[in-house]
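Hi,

Here is the structure I promised to pass on to you. Have a look at it first, and then read my notes below.

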Amino acid sequence: REAGRFVEEEPHEWGGDYISRGLPAPAAKLVRSASRWRAELQRVREGSDGVGVGAFSGWKVLMFTDKRRELSLKRILEAGGAKVLATRPPFASHTGASHAFMNLAQLKTADADLLGRLESAGVQCLTTDYIPDFLMCDSPPSPRKYSISEKKDMSRV
C-alpha cells in the first residue's frame, strides 16, 4: 500500500529468502524448494505451451510400495506430471516405464527376477525416498544413492 503499486512477488512468496531465513536447515530446504519449483515451472511453461509441465513430466512410473503410502505417492507423482502405469506387480508390461519406485522391505526373493527385468529394460528402480529428495534438492540427486539393487546388496553385508 505504501508503495502505491504492487510490489515484486518473489521476495515475499512462501519459500523466498524472507520466509526461510532463521528456519532450521531441513525446514528451510523444504520452504526454498517451493519457490525454486514455482520459478522453474514458470520458466519451462514460458518456453512451451504449458501443457503437461510438472516436476515429474515425462516420467512413466511403476510402483511397488506399501498400501499405506501408495495413494499419496501416486497423487504426488501425477500432480507433478508423471504417468503412473501400474501400482502392483506383476506388471503386465513395463514397456516405456522410466522409473519404478519400490519399498525395499516388500521385495522378496521371487521379486529379484522382476527387478532384473526392469533394470535390463532401462527402468530406474529406486526407493520411494527419491521422490521427496528430487523435489527438495537444489539439483536432482544421484539415482544411484536410491537404487534398489544397491540397497539390496548393502542389506546382505
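Predicted model: local features only at pLDDT ≥ 70, side-chain atom pairs only at ≥ 80, totals over all residues.

Start with the strands. Four of them form an open sheet with parallel pairing, in the order β2-β1-β3-β4. At the edges sit β2 (83–86) and β4 (124–127), each of which pairs on one side only. From one strand to the next, the twist averages 30 degrees.

α3 lies across β1, β2 and β3 (99–102), and runs at about 170 degrees to β1.

Another helix to look at is α2, with 22 residues. From its first C-alpha to its last it reaches 31 Å, close to the 32 Å expected at 1.5 Å a residue. Its buried residues include Val31, Trp37 and Leu41.

Which elements supply the largest nonpolar core? This core has 18 residues, and α2 (25–46), β1 (60–64), α3 (67–79) and α5 (130–136) each supply at least two of its residues. The most comes from α5, with three residues. Leu77 is among the residues with the most contacts inside the core; leaving out residues up to four places away in sequence, Leu77 touches Phe56, Trp59, Val61, Met63, Ala82, Val84, Phe101 and Ile131. There is also a second, separate core of 13 residues, including Met102 and Leu107.

Enjoy exploring!

Best wishes

Terms used
Residues numbered from 1 in each chain as written. Heavy atoms only, no water. Core = buried A, V, L, I, M, F, W, Y, C linked by side-chain atoms within 4.5 Å. Buried < 20%, exposed > 50% of the residue type's maximum accessible area, 1.4 Å probe, protein only. Helix = DSSP H or I, 4+ residues; strand = E, 2+ residues; numbered from the N terminus. Contact = heavy atoms within 4.5 Å. Expected span 1.5 Å × (residues − 1). Pairing = 2+ DSSP bridges. Axes fitted to C-alpha atoms, helices over the stretch in contact; angles between N-to-C directions.
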